[in-house]
Every structure is written in structure tokens, then in C-alpha cells.
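Have it open while you read.

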Amino acid sequence: MNLKYPIWIFIVVLMLLSICCAMAGLMPMTALVYLGVLGGIAAAGLGFLCWRTLKELGELTRSLSTEKPSVAADVVLLKPLVTVLNTALQKLSEPIQTVRQDNQDLNLQLQLLRRRKNGVETILNSIQDAVLVADSQDRLILANPSAEKLFNFKFDSSRLPILSDAIDQSALLDMMLKARNSRVCHVRHELTIKADGENISFDCVLSCVTDDAGRPVSVVAILHDVTREKEISRAKNEFVSHVSHELKTPLASINAYAEMLVDGEAQDAATIRQFCEIIQGQAGRLNRLIEDVLNISRIESGLMKINRQTNSMALILRDSLEMMQSYAKEKNITIHTPPSILFDQVYVDKDMMTQVVVNLLSNAVKYTPSGGQVTVQIEVNDVEGTITVSVTDTGIGIPEQEMSKLFGKFYRVEANKNFAKGTGLGLNLVKQIVETVHGGQVFVRSQQGKGSTFGFVLPLAAAGQPAV
Amino acid sequence: MADRKALIVDDEFHIVQVVAIKLRNNGFEVLTADNGADAYALACENKPDIMITDYQMPGLTGLELIEKLRATPETASIPVIMLTGRGFDISDEQKQKLGISTCLSKPFSPREVLSTVEDVLRQTADVNAG
């Protein structure tokens with residue numbers, strides 16, 4: 001609406017009233033009424049003007065806060081101001097748009113960075129490797145939970161500790177400072193840290209973070225625990241070393257006696273026969289050793305073909321005893337067999353279980369002096385549903401401190417090595433077959449100089465398991 | 001009568017026997033032991049010209065046996081050949097320190113043992129003569 005007309009009307013009315021007033025002359029009451037009407041009209045006009053101005057200011061403010069600020073063309077009262085503003089706004093509109101766009105971009109980037117930061121923090125918190133970051137003032141600025149656990153402290157990002165106050169490992173601190181000062185981007189070190197009374201080996205990777213000018217800003221240390229890998233490597237080397245030694249011993253005899261036969265060093269028929277028997281015996285020993293190693297390896301890797309059926313434990317014992325009788329007779333050792341029992345069914349691989357019993361009987365006879373006794377016992381526990389087989393000898397026994405290592409691979413009791421030969425694989429195989437394959441448990445009791453009892457506990461066969 | 005005396009030490013009976021036969025057939029007087037302690041006693045008592053010992057034996061090991069021999073004036077100069085199942089067991093420093101003439105890895109050849117024994121005895125005689 002155009003404001004020109006009400007203003008002119010107002011002025012004309014004012015003039016007319018003034019004339020009327022003048023004509024009235026000396027009639028003050030009438031003049032007062034005129035003046036009252038005149039004042040009312042003036043107040044209404046002023047009110048209207050104020051309202052109109054405020055309204056236009058509101059519109060102007062609203063317009064300025066929009067994305068494309070501009071002022072309505074019908075604004076009258078503030079026209080000069082609007083004109084100036086419109087000119088200024090036109091000049092500013094482009095930079096404002098740019099700033100607004102930049103602001104949107106920055107918000108997007110901020111969101112992305114937040115998302116990336118959360119991702120990195122999740123990764124750092126999830127990995128098993130300990131991660132530490134120290135800045136150029138030797139303050140610890142980041143430590144993941146693995147690092148907190150390893151060095152036994154709680155990292156608080158709002159109160160950055162001095163590196164040496166948080167971590168009491170001088171070798172690691174030296175490595176970190178050296179890596180930062182030398183500005184290396186990727187260097188590996190071996191590091192051993194004592195934690196909970198045990199030495200832990202780490203593969204430590206250190207990297208220096210630099211700014212655009214190449215100045216060191218921080219140093220990152222990642223500690224990867226290689227204790228288990230080292231132990232596996234050591235055990236593998238030891239195993240290879242043991243196996244090669246054990247294989248070479250019979251091989252050396254075979255090789256030497258064959259050469260003696262070729263060279264004609266056996267001068268009579270009896271000696272030739274003895275040499276041939278030695279070769280045969282050593283070849284058998286070699287074969288047994290290879291079979292034992294392969295069987296242990298197959299069981300450990302789960303590749304052993306297992307044929308489990310319901311078998312009578314008494315029959316397995318009988319077969320095993322038959323195999324061992326001649327050896328026991330050679331050494332003048334009596335084997336006492338158990339009385340028969342009613343229910344002795346076990347769900348086992350018969351050949352493997354026979355090997356277990358033969359190994360236990362063979363050890364008992366081997367480590368018992370001539371004239372000794374070996375007793376085989378079999379017990380059924382109906383309540384627990386288990387069967388226990390034990391082989392007790394009157395042999396040389398085992399020192400207390402060696403008992404826990406007896407079932408280890410290639411382990412042989414040092415004090416008993418002179419008494420009989422062996423590879424140290426038999427008891428390990430017994431343990432693997434009983435515990436890994438059949439879910440049973442081996443046990444041993446011994447008294448040095450008096451004898452030993454080796455045995456195992458197996459679950460009884462359940463109803464419905466297939467019989468032989 | 002044999003004028004050269006050899007002591008063979010190994011906990012493997014078949015190894016001792018085959019080396020003993022080879023050396024006896026070639027003019028040696030042979031003493032045998034299946035452990036380090038017995039070997040040390042035999043060496044002190046008989047002062048052999050040469051000793052052939054296994055590396056890995058229960059009780060006194062081959063290296064410990066040699067250390068004992070070297071520490072005893074009567075047996076300190078006995079030349080030693082070592083039989084070993086692990087070629088990497090003995091370092092050159094150890095060999096030099098203990099005066100081990102040579103090491104033979106198992107499986108070895110009896111011919112090789114005999115020729116090595118002859119070589120070591122010849123070198124020892126040359127050193128003594130020189």
C-alpha cells in the first residue's frame with residue numbers, strides 16, 4: 001500500500017481544522033474539541049507510521065536472514081536505507097554465498113573426520129598390539145587398551161602424562177626418543193619386557209610423525225607380542241633336532257654294518273648273520289620311530305583316521321599282554337593280569353588303544369629290573385560311568401621333579417636314561433591317544449626306587465554306540 | 001701284538017661294536033665304554049693313543065668327558081675324534097679349546113672312521129717328532 005495519500009489527507013484535514021478554529025474565534029470550547037480531534041488524528045497517524053516502520057523493519061530483517069537477501073520494492077518509509085542495503089547486499093551476496101558454501105563443506109569434512117577418528121579409535125582399541133604415541137614434549141598423547149594393560153596404567157587424554165612417568169621401560173623409551181630425533185619413518189627393534197614375572201618378546205615398530213616442514217611432531221610405537229611365535233619356532237627347531245638325531249642313530253648302524261658286509265669285515269657266517277640281524281633290527285627301529293612321529297603329528301593336526309567302535313577293554317588288554325609276554329619273559333618279569341569284569345565296554349579305536357596299553361606295558365617291563373613284577377588293573381566306576389586301567393611296576397621309579405614333564409614330546413628322565421633306551425615319544429603318544437582322540441585322562445604315580453603306576457581313565461560306552 | 005690302542009665311547013652298543021670290529025681288523029687294540037664315567041676311568045688306567053667318543057650320552061656328555069680328560073695330566077694329550085648326530089653342535093672355538101681333532105657326523109662310514117683315526121695319529125706323531 002502506498003503511504004503518500006494518507007499523509008496528504010492528514011495534512012489537509014489539519015489545515016481545515018485550523019481554519020475552522022480561526023473562524024470560531026472566541027469560542028474556546030469548540031476550539032478545544034477541534035484540537036482534541038486534531039490531536040487524535042495526529043496520534044493515529046503517528047501510530048500508523050510507527051507500526052508501518054516496524055513492519056518494514058521486520059520484513060527487512062527476515063529478508064536479510066534468508067539465503068538470498070533482498071528488500072521488497074513497496075517499502076516506502078525506509079526506502080533510502082533499503083536502497084543502501086540492497087546495494088551493499090548485492091555486493092556482499094557473492095562472498096556470503098561462498099562463505100556459506102565453505103561452511104557447508106567444512107561441516108561435511110568435520111563429519112567425515114569425526115567418522116574417521118571413531119574408526120581409527122575403534123581399530124586402535126580392538127588390536128592386540130600395544131600402541132603408544134608421544135609428542136615432541138615427551139608427553140604421552142595416545143595409548144590404546146593393550147598398552148594400558150601391558151604397562152599397567154590408565155590413559156586419560158585430558159591429562160597427558162610425561163612418557164617416562166607412565167612407562168617404566170627405559171629400553172622402549174630410548175627407542176622412541178631415538179626414532180623421533182632421527183626422524184625415521186619405520187624402524188623395527190626386538191624388545192623384551194618383563195610383565196607379571198615373565199619375559200615377553202616384542203617386535204617393536206617405531207615411526208616418527210613430522211609436520212610439513214619436516215620437524216618431528218610425535219613418535220608412534222607399536223609393540224607386537226612375538227613370545228608365542230618364538231616359542232613355536234624354538235619348539236619346532238628342537239623337534240627337528242631331536243627327530244634327526246633319533247633317526248640318524250639307527251641309520252648310522254644300518255649304514256655302518258652294511259659297509260662292513262660289503263668290505264668283507266664279517267669273517268664268518270655267524271658274524272655275517274649277526275650283522276644282517278642288526279641291520280634288520282635297526283631298520284625296524286627306524287620304522288617305528290617314523291610311525292610314532294607321524295602318528296603324533298596326525299593326531300595333533302586332526303588328520304588321524306580314527307575308527308571308534310564299542311570294544312571290550314579286557315580284550316584289548318588280553319591282545320596287548322600277548323604281544324608283551326615274550327619281552328617280559330626275556331627279562332624274567334611276571335605280569336599279573338586283572339580278573340574279568342562284567343561290563344567293560346568302551347567306545348574306542350581298538351588299534352590305537354592297543355598301542356596305548358602296549359606302550360605302558362613295554363615301559364613297565366623296560367624300567368623294571370630282572371625278576372620284578374608288573375600288575376595290570378582294571379576298575380569300573382558305575383556312578384561316574386568310567387573305566388580305569390593301570391599298569392604298576394616294581395621298577396626304578398621317577399624323581400618327583402620330573403613327573404610333570406613325563407608326557408612331553410621327546411622327554412626322557414635323565415636319571416633313567418642309562419637304564420633303558422627310548423625315544424621319549426611313547427608316553428606322548430599315549431597322552432595324545434587317550435586325551436585328544438578319546439577324551440579320557442592319563443595319570444601317573446611314582447616313588448623313586450620302588451616303582452611307578454601309569455594309567456588312564458576313559459568314559460564307558462553309552463547305549464546305542466555301534467559295536468564291533 | 002697291537003701297538004696302537006683306541007678307546008671307543010658310545011651309549012649305542014651297535015655303534016661301539018662296529019667301530020671296534022673295524023679298528024681291531026686293522027691292527028688296533030680296542031677298549032670300549034658305554035658312558036663317560038667308565039670311559040674316563042679306562043682312559044686314566046690304559047692311556048689310549050686315541051679316543052673316539054659320542055657327543056650325546058646320558059650322564060657325562062662327550063664334551064664333559066673331554067674336559068675331564070684335558071684337566072687330568074695323564075690324559076690331557078689324548079687326541080679325540082667326536083661322533084655326533086647333529087653337525088652343528090660343536091663350534092670351531094669349542095673344538096679348538098677342547099683339542100678335538102675332528103668331528104664325524106652320523107651316519108658315518110667305518111672306513112671314514114678308520115682313515116680319520118690313521119690321519120689323526122699320523123699328525124700327532126709328526127707334532128711329537130717335530
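1. Ground rules. This is a predicted model, in which local features need pLDDT of at least 70 and side-chain atom pairs count only at pLDDT 80 or more, while totals for chains, interfaces and linings use all residues. Residues are numbered from 1 along each chain as its sequence is written, chains are lettered from A and ligands numbered from 1 in the order in which they are written, and side-chain values use heavy atoms, with hydrogens and water left out.

2. Chain B. Five helices and five strands make up the secondary structure here (helices are DSSP runs of H or I with at least four residues, strands are runs of E with at least two, both numbered from the N terminus). Read from the N terminus, the order is β-α-β-α-β-α-β-α-β-α. The radius of gyration of chain B is 13 Å, close to the 14 Å from the globule rule for 130 residues, so chain B is as compact as a globular protein of that length (the radius is taken over C-alpha atoms, and the rule is 2.2 Å times the number of residues to the power 0.38). Its C-alpha atoms fill a box of roughly 35 × 35 × 25 Å along the principal axes. Of the 130 residues in chain B, 49% are buried (buried is under 20% relative accessible area, exposed is over 50%, partly exposed is in between, with a 1.4 Å probe and protein chains only).

3. Chain A. This one has eleven helices and twelve strands. Its radius of gyration is 50 Å, well over the 23 Å that the globule rule gives for 468 residues, so chain A is more spread out than a compact globule. The C-alpha trace of chain A spans about 175 × 65 × 40 Å along its principal axes, and 37% of the 468 residues count as buried.

4. The interface. How many residues of each chain are in contact with the other? There are 26 in chain A and 22 in chain B, where contact means heavy atoms within 4.5 Å. The area buried between the two is about 2,200 Å², with carbon and sulfur atoms giving 49% of that; buried area here is the accessible area (1.4 Å probe) that two parts lose on being put together, summed over both. On the chain A side, A:His245, A:Lys248 and A:Glu259 lose the most area to chain B, together 23% of what that side buries.

5. Who supplies the chain A side? The rule finds 13 residue pairs in polar contact across the interface, both residues at pLDDT 80 or more (a pair of N or O atoms within 3.5 Å; within protein, one must be able to donate a hydrogen and the other to accept it, and residues adjacent in sequence count only if both atoms are side-chain atoms). Helices α7 (227-262) and α8 (269-301) of chain A each supply at least two residues of the side that touches chain B. The most comes from α7(A), with 14 residues.

6. Salt bridges between the chains. The count between chain A and chain B is five, a salt bridge being a side-chain nitrogen of Lys or Arg within 4 Å of a carboxyl oxygen of Asp or Glu. In one of them, A:Glu259 meets B:Arg111 at 3.6 Å, N to O. A:Glu259 lies in helix α7 of chain A and B:Arg111 in helix α5 of chain B, so the pair joins two chains. A:Glu259 is buried at 9% relative accessible area, whereas B:Arg111 is partly exposed at 42%.

7. Another cross-chain pair. B:Glu12 and A:Arg285 form a salt bridge, their closest N and O atoms being 3.0 Å apart. B:Glu12 is in the loop between β1 (4-9) and α1 (13-24) of chain B, and A:Arg285 is in helix α8 of chain A, so this pair joins two chains. B:Glu12 counts as buried, at 6% relative accessibility, while A:Arg285 is partly exposed at 22%.

8. Backbone spots to look at. B:Lys106 and B:Pro107 are joined by a cis peptide bond, with omega about 0°; B:Pro107 lies in the loop between β5 (100-105) and α5 (110-129) of chain B. A:Asp138, not a glycine, has a positive phi of about 65° and is found in the loop between β1 (130-135) and β2 (140-143) of chain A. A:Asn152 also has a positive phi, near 55°, and counts as exposed at 70% relative accessibility.
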